[in-house]
Protein chains: 2
Amino acid sequence: MELNGMIRVARGNAPADLVLRNARVVNVYSGEIYPADVAIFGARIAGIGFGYEAQRELDLKGSYLAPGLIDAHVHIESSMVGVRQFAQVVVPRGVTVVVADPHEITNVLGLDGIRYMFDQAKYGRLSMYVMVPSCVPATHMATAGAYLEAKDIVALQNDPWVLGLAEMMNYHGVVREDQGALEKIDAFKARVLDGHAPALTGKALNAYVAAGIGSDHECSTADEALEKLRLGMYILAREATNAHDLAALLPMVTPENARRICFCTDDRHPADLLDQGSVDFLVRSAIRAGLDLVTAIRMATLNTAEWFRMYDRGGIRPGNRADLIVFDDPQKFDVRMVLRAGQVVSENGKLLPFDLPERPSYLRGSMNVNWHSVNFSIPAEGRRAHVIGVVPDQLITEKRILEIPSASDVAMPDPEHDVAKIAVIERHMASGRIGKGFVQGLGLRRGAVASTIAHDHHNLIVAGADNISLTAAAAAVADMGGGLAVADGINILARLPLPVAGLMSNRPITEVRRSLDDVIGAARSLGSELHDPMMTLSFLALEVIPHLKLTDQGLVDVDEFRLVPLWIDS
Amino acid sequence: MELNGMIRVARGNAPADLVLRNARVVNVYSGEIYPADVAIFGARIAGIGFGYEAQRELDLKGSYLAPGLIDAHVHIESSMVGVRQFAQVVVPRGVTVVVADPHEITNVLGLDGIRYMFDQAKYGRLSMYVMVPSCVPATHMATAGAYLEAKDIVALQNDPWVLGLAEMMNYHGVVREDQGALEKIDAFKARVLDGHAPALTGKALNAYVAAGIGSDHECSTADEALEKLRLGMYILAREATNAHDLAALLPMVTPENARRICFCTDDRHPADLLDQGSVDFLVRSAIRAGLDLVTAIRMATLNTAEWFRMYDRGGIRPGNRADLIVFDDPQKFDVRMVLRAGQVVSENGKLLPFDLPERPSYLRGSMNVNWHSVNFSIPAEGRRAHVIGVVPDQLITEKRILEIPSASDVAMPDPEHDVAKIAVIERHMASGRIGKGFVQGLGLRRGAVASTIAHDHHNLIVAGADNISLTAAAAAVADMGGGLAVADGINILARLPLPVAGLMSNRPITEVRRSLDDVIGAARSLGSELHDPMMTLSFLALEVIPHLKLTDQGLVDVDEFRLVPLWIDS
């Protein structure tokens, strides 16, 4: 039995594989920090104390030793790279475990997408647990690449790397007893049920919790978080590229409630991952904001392991996985060494080389557009139209009503008033469906931008000033098998290929980041003054965030939760 | 789906079954106490807040409302009554859940004993979870009624009321890689593994934890508890009839480590249950010792639920079981009302009447003695003998060497030096085996005492001054199907029938307590000055507590862990 070897090492009768000497152990159980050696046998911690002998020793010279960090909720797809590349950037920063919701790729490729993520994670340096996406598609008002009901996903919970059901974004559905949503909850009721309920409060929140949902990562104020925590929810405090909640939430942390709060990154783009980091950035930010070291580390280790029922993670104790991080300055919290399953896998911010077996990993192409049906002309069927109004740096839009110029019964963009054309081309089923309309505020004076990142259905979204640019940008994206492109007439100014589901690259994240910078630069060269016009574009199709959005099925009035006509007075 | 009704009540669209108004809610998640109403639907909490309508209302008028208490580790058999009678005393005191280790009855009746405990708990007012006994029998040096190996118990973990493997008392075996012990751990490795490791420390303790054991309830000093807690163990702080650890352990509780500490009673005799209470007594004691109310209550609720992976217990939140307690004075912590699964089941310390379906419940008799082989004569095969030395009010004994008087080659008790005869008669297999010897310090000037409570094998133990009294006491016990008896010659002075496995009565606990008082009084009338000579007697056969004990197989030198001859110089 494996136990024998472990016990023998722990009691000091056989040498450990590795002993970390002179560590300053961060004990998340007792809340103390004290000097000790840590003995490792195989992938696990065997003993903590002094006097252990070992095949190999590592003198930590008084450095801090803490459990590996856990990201409580992340869409790896937002990094625009696959799991292997993602691991290259997060593991050296101390993240040894992520709880991934492969929600984006699943909207494109269904269960194949989840399987692909598992394939890519295999034999890597990062432990990727999965929460099964609960809302594919987000609504019936957009065409996704998959339609997953309870019966389609129930079996997944038997995968040893599946922990439960991912963020139940259809919180209105749960509160209103949508049977499809309740069936999914019922199917996963013995497992972890993550929530997503921005600003849900009062009795509706009680109903959501009563249904069995036990966490939330959408709190943006301390009051919101406290109300949810009081109802027994775990608060997954988030600092994402698009959502900065940490500063608002940290003041609510008390010694009394800290055990119920975890850290998550949700969505982080390449630049933020590279420049700031992952969960380590949250720990660092919390420490700088005045939280004590052990409390901050617990939010990224023990608390998260407890919520997700990972019984052998999250703390330094005999029998647990030897996922460990080493750092020197508790104020800076710069992780300088990472051990994973008992092996040193990273030093000084760089993953050490290792043999990653090449495995056959199949993934079908995700671009299925019926180009015969695609045209960008919009018949002028009225004078005034519903126009999507961009709000800089926000995911919400405004519902505007504007006069649209026309010529020969064809409606025209209006660059003078910053009104561009926008289209969402269905790309999963080759249905030929295309939603068309107008958007104000992108700032494009000319040219066009296109993307297959278009939350959550990830159809091909394109916006621009003229049909030739629109066509060129869309065609360039399709030509790459998905990705981002910027066109000025038939000239492609910049592009970022994302051949994996139209969401992710296979290239290193640094390269992806450079290409993305180029794409953003090109879009800004066309006149946009937005911080990141491509990200703004990718949320114009998300029909669950107010107020007016466009899907392949047409304009969606999010507040009324229905499709609305483009023209007011036709 | 049941979920629909729950959600409807929670969101306020259907009346609750019951609303508790004007409660002062003890929130174990946030660590706060604040006014709120609590709405209940069926057996569960639906919502917390104000404005819930209900079929029935209960005005708590500002009383405190807390989650039902959980006893983290209890041998119900020690109460000398069955689960139903046990519930009568603990539920009114606020204990709604116990984690039982039916270790005593299992030593007598094997798996049938566990099944009987489940039978008795069914439809009752107490939720009884079971940890499967791990050490039946305790050692090979005594004859128990069952011999359970991993293969005998592995299937039990599929019972929905089984949480894991009970206290692994064979901690030396685990540390020394005893394969039988490791096989049990391996069989239950996906479940909760409770420990029992008094004074285990250093590398041996690391080995025990590395094997997977995650808790300990045997800590008797703060240092011991802190060492274990640092290694990731949950500390189940105990206040039993035989072991008073609380005062020593409370000073180690800090806001940083309190989440890892739970309360348990282990063994409580009828008088202590009736006069002091159960886990409520521990909470009360902790509060009186200065612990804050929420922290003390958490140790009997949330912390325990977390360790045992009871996901719908331990806190007041929507979706959790409506197991609730009401009390008025946070200093006194006298529970005045108990709700269980949404129903008021107890008021003012009394269980309300309810229909308990009579179920056929079969249990074989447990007295299988081969009386043809039983005689109490001890041939004088030497001059000096090993004699068990009683240490008043302690479970340990001394190993003494005394001269034993004899007549006609038969050894005699020596009342003048407080030396009595003692015998352990095998009562499970009718093997006719009988261990005989001498004990000093019981104080019996005449007569005899007998008991089928004789830890852990629970053979028939009898001690006394003459063969007639010994025979009468033993026969009286056998005649009752097990229990306690005191004889003076052929006169039975007092008796307590314990027909359930020779361990438990079917009578109300108040009656049992009176009979037990009579038995103790009778034993003291024979000269004993011990606080409880019957309890002392019941531990003289426990061959895992130092230093000299007697089993049916003979005298056991616990330190040498072997059987030793009675006579020194034969």
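Author: A salt bridge here is a side-chain nitrogen of Lys or Arg within 4 Å of a carboxyl oxygen of Asp or Glu. The model is predicted.

Reader: Which residue of chain B meets Arg259(A) in a salt bridge?
Author: The cut-off is 4 Å. From N to O, the two side chains are 3.2 Å apart. The partner of Arg259(A) is Glu306(B).

Reader: How many salt bridges cross the interface of chain B and chain A?
Author: Polar contacts between the chains number 27 residue pairs, both at pLDDT 80 or more. For salt bridges across the interface, the rule gives a count of 12.

Reader: Which helix of chain B gives the most to the side that touches chain A?
Author: That side of chain B holds 28 nonpolar, 14 polar and 16 charged residues. The top contributor gives 6 residues and spans residues 2-10. This is helix α1.

Reader: What area is buried between chain B and chain A?
Author: The contact takes 58 residues from each of chain B and chain A. Lys203(B), Arg230(B) and Arg259(B) supply 15% of what chain B buries there, more than any other three residues. Carbon and sulfur atoms give 51% of the area between the chains, which is about 4900 Å².

Note on methods. Residues numbered from 1 in each chain as written. Chains lettered and ligands numbered in written order. Predicted model: local features only at pLDDT ≥ 70, side-chain atom pairs only at ≥ 80, totals over all residues. Heavy atoms only, no water. Contact = heavy atoms within 4.5 Å. Buried area = accessible area lost by both parts, 1.4 Å probe. Polar contact = N/O pair within 3.5 Å; in protein donor to acceptor, adjacent residues only side chain to side chain. Helix = DSSP H or I, 4+ residues; strand = E, 2+ residues; numbered from the N terminus. Nonpolar A, V, L, I, M, F, W, Y, C, P; charged D, E, K, R; others polar.
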